[in-house]
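Student: Could we go through this protein together? I would like to begin with one residue and then turn to the overall picture.

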Amino acid sequence: MANLVIVESPAKANTIKGYLGTNYKVIASKGHIRDLPKSTLGIDVENNFEPHYINIRGKGDVIKELKREAKNASKIYLATDPDREGEAISWHIANQLGIPSDKACRVTFNEITQTAVKEAIKNPRKINEDLVNSQQARRVLDRLVGFKLSEVLWKNLKSGLSGGRVQSVAARIVTEREEEIRAFVPQEYWTIEASLANSDGENVNVKFFGDKKGKIKLNDEASALKVEESIRSGEFKVSEVKHAVKYKQPAPPFTTSTLQQEASKQLGYQSQRIMKVAQELYDGLDLGPQYGGVQGLITYMRTDSIRVSTVAQESCAEFIKEKYGEEFLPVSARSYKSNASAQDAHEAIRPSNVYITPKSIRKMLSGEQYRLYKLIWERFIASQMAAAVLDTVSVEIFNSGYLFKTGGYVIKSKGYLTIYDYVSDDAQDPETEELNLASLPNIKTNEILSPVLVKKQQHFTEPPARYTEASLIKFLEENGIGRPSTYAPIISIIISREYVKRDGKSLVATPLGEITTNFMRKHFPEIIDYEFTASMEDKLDSIENRENTVTGVISEFYTKFEAELEDVSKNDNKVEINIPAEESDVLCDRCGARMIYKNGRFGKFLACPNYPECKCTKAIDKNGKVAEQETTAQLAGFKCEACGGDMVIRNGRYGSFYACQNYPTCTFTKQKVTETGVLCPKCNSKVLARHGKGRMLFYSCEKYPECDFSTWDMPLAEKCPDCGAMLYYRKSRKSVICKEKSCTYKRDEEMTVIE
């Protein structure tokens with residue numbers, strides 16, 4: 001009997017199969033197999049908030065396969081992802097398969113390499129109940145908040161709205177930035193710059209700073225004019241020339257947050273896309289025989305740690321020494337300290353094998369896989385390299401008591417900049433940030449510089465920039481809101497719920513988002529309070545460390561939350577929502593009005609604002625543009641009964657139908673039918689296949705409704721061998737049956753249904 005290894009994703013299963021050999025069978029659960037029910041709360045509030053889990057719809061076949069394979073396995077290993085969510089998935093699978101909680105069946109690996117996988121299989125452990133409890137507490141808490149809040153929002157604002165413990169906070173962040181922008185009052189300020197020449201005729205550009213006491217702000221033209229007049233009558237004298245050597249240190253390897261921020265800025269990817277591609281790199285890709293087939297390229301991509309294992313450091317140091325030379329190595333191996341709030345459960349995101357360079361496997365990767373792997377690989381290699389050495393010079397110049405400054409630098413030794421020269425927020429060195437990447441002309445202390453040009457200029461302060469996905473993720477991380485695995489889903493939810501929309505790379509609060517946020521601020525201030533949300537994350541973390549219990553954390557929160565819910569329900573807090581329709585640039589084909597965006601059960605579409613007088617609509621694609629219509633349609637082979645034009649075959653929500661080619665001038669349509677070749681058992685006319693509502697196919701006599709013969713099952717020309725009546729094919733059961741009440745004839749068979 002083979003050993004059974006259960007993982008989450010089929011891609012990961014394919015990778016691990018190649019490592020373990022024929023004694024192991026690897027199958028995928030395809031994520032969670034159980035969850036709280038969608039339509040009900042699913043939590044017994046009166047019984048210590050006990051969750052009621054059910055099998056997820058559509059996972060029946062997966063669960064059957066898991067049970068079947070488990071029954072035939074000599075040993076079962078649960079190898080889901082190495083985080084709380086993965087631990088919970090293993091716990092649910094163990095319950096379904098009847099694996100005792102104290103049995104060592106859980107294996108984890110931070111990277112999917114042959115060494116890591118085999119080592120994990122050798123050292124299974126018990127399922128960590130503390131991790132499961134922490135995840136379960138988060139799930140229960142999010143369900144309580146989401147379910148109860150949504151009920152309130154439906155009642156008081158608009159049906160279909162949803163609230164959430166973290167998503168509501170994210171919507172508030174974007175909304176408040178929009179309010180800041182609207183409330184912003186530009187402030188005037190002035191700058192003075194001068195171009196000065198030294199004795200050799202070489203020019204240097206300097207900026208006004210202030211005086212000996214410190215920085216002076218020029219808030220109006222009069223202040224700027226006063227300085228300008230003074231320096232025009234004075235002389236520019238160099239008071240200090242300061243040379244220094246500065247060391248620019250590399251940024252640490254990526255965490256989930258910094259990867260999403262950097263990939264968003266450098267590659268222009270959205271957070272969901274980043275995590276999808278990162279998952280593919282982690283699960284493994286076929287690199288061909290040169291690299292041993294399928295390989296996992298990066299370590300686990302959901303982490304808040306910047307820690308790196310000693311083995312990985314040593315391997316990277318050896319690579320740098322071979323590839324670039326020993327001078328590119330730091331004096332001692334670099335180690336990075338994670339934030340105090342980090343769980344530090346896994347290493348930083350890094351390549352599983354630094355010798356698999358992006359260039360060497362470019363042909364085996366898709367474009368986005370290559371670009372993201374290159375970013376991760378370069379960042380990690382750079383993080384283990386020597387600092388860049390900069391020769392800097394800063395100059396102070398006085399004129400009439402006013403101080404002007406300039407500075408520059410040249411790179412003496414590139415160090416890590418040889419491989420990673422992206423400008424990153426967390427890689428910025430404040431000491432060299434304002435210096436120019438250029439050498440200055442030879443300037444000496446006490447030298448008098450000649451003015452070539454003095455220019456004063458008016459400016460106005462700019463409002464704060466709207467959040468991008470990168471800056472929002474950074475804000476969430478810095479304020480302890482959410483965790484690495486939740487950043488992408490949070491942004492996805494607030495956009496899909498239309499509380500926030502994308503405007504290029506910016507995130508903008510919608511009118512609906514602002515109304516919902518204002519309602520939440522008034523009635524549920526604690527739910528969307530930054531500090532409260534961050535402290536709740538800490539409490540959920542404390543369950544993992546056995547410092548708190550699931551019941552204790554949830555009951556403490558729910559007592560206050562329930563009181564707020566009661567207060568809202570006592571009073572009439574209904575808010576009238578009048579959101580102006582979003583106009584498009586598309587004109588209605590029938591009446592010429594500018595069409596507006598609407599939401600339907602199948603997503604967004606364009607509709608005429610003059611509905612119901614004009615019912616013209618247009619489909620739009622995922623980019624909000626009008627979907628391309630068929631330029632040619634298949635001719636039906638007969639003429640329109642209304643105008644004599646050609647009839648063509650069109651596709652509608654209920655299937656194919658016939659329509660006049662002169663639409664919209666002529667609106668004549670006719671249901672499309674298909675001959676079955678079977679005669680009606682009642683009147684001996686033809687039986688036709690027709691489309692009914694909801695895409696259901698039914699069969700009826702061509703003289704219907706005069707002849708009332710109709711059936712959902714496909715009639716066959718074949719007669720029943722037992723009673724001679726008509727046979728029918730039942731698609732749902734994949735069987736041929738006789739519908740005579742007294743006949744029990746039936747046989748299993750799969751047939752092609754006439755469409």
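**Cysteines and overall form**

Tutor: C591 is partly exposed, with a relative accessibility of 40%; buried means under 20% relative accessible area, exposed over 50%, and partly exposed in between, with a 1.4 Å probe and protein chains only. This is a predicted model, in which local features need pLDDT of at least 70, side-chain atom pairs count only at pLDDT 80 or more, and totals for chains, interfaces and linings use all residues. Residues are numbered from 1 along each chain as its sequence is written, and side-chain values use heavy atoms, without hydrogens and water.

Student: Which cysteine sulfur is closest to that of C591?

Tutor: The closest one is in C608, at 3.4 Å, which is too far for a bond. A disulfide is a pair of cysteine sulfur atoms within 2.5 Å.

Student: How many disulfides does a search of the whole structure find?

Tutor: The search finds zero disulfides.

Student: And C316, buried or exposed?

Tutor: C316 is buried, at a relative accessible area of 0%. Of the 755 residues in the protein, 47% are buried.

Student: New topic: how many helices and strands are there?

Tutor: The protein has 16 helices and 34 strands. These are DSSP runs numbered from the N terminus: helices are H or I with at least four residues, and strands are E with at least two.

Student: What does the C-alpha trace span along its principal axes?

Tutor: The C-alpha trace spans about 120 × 70 × 60 Å.
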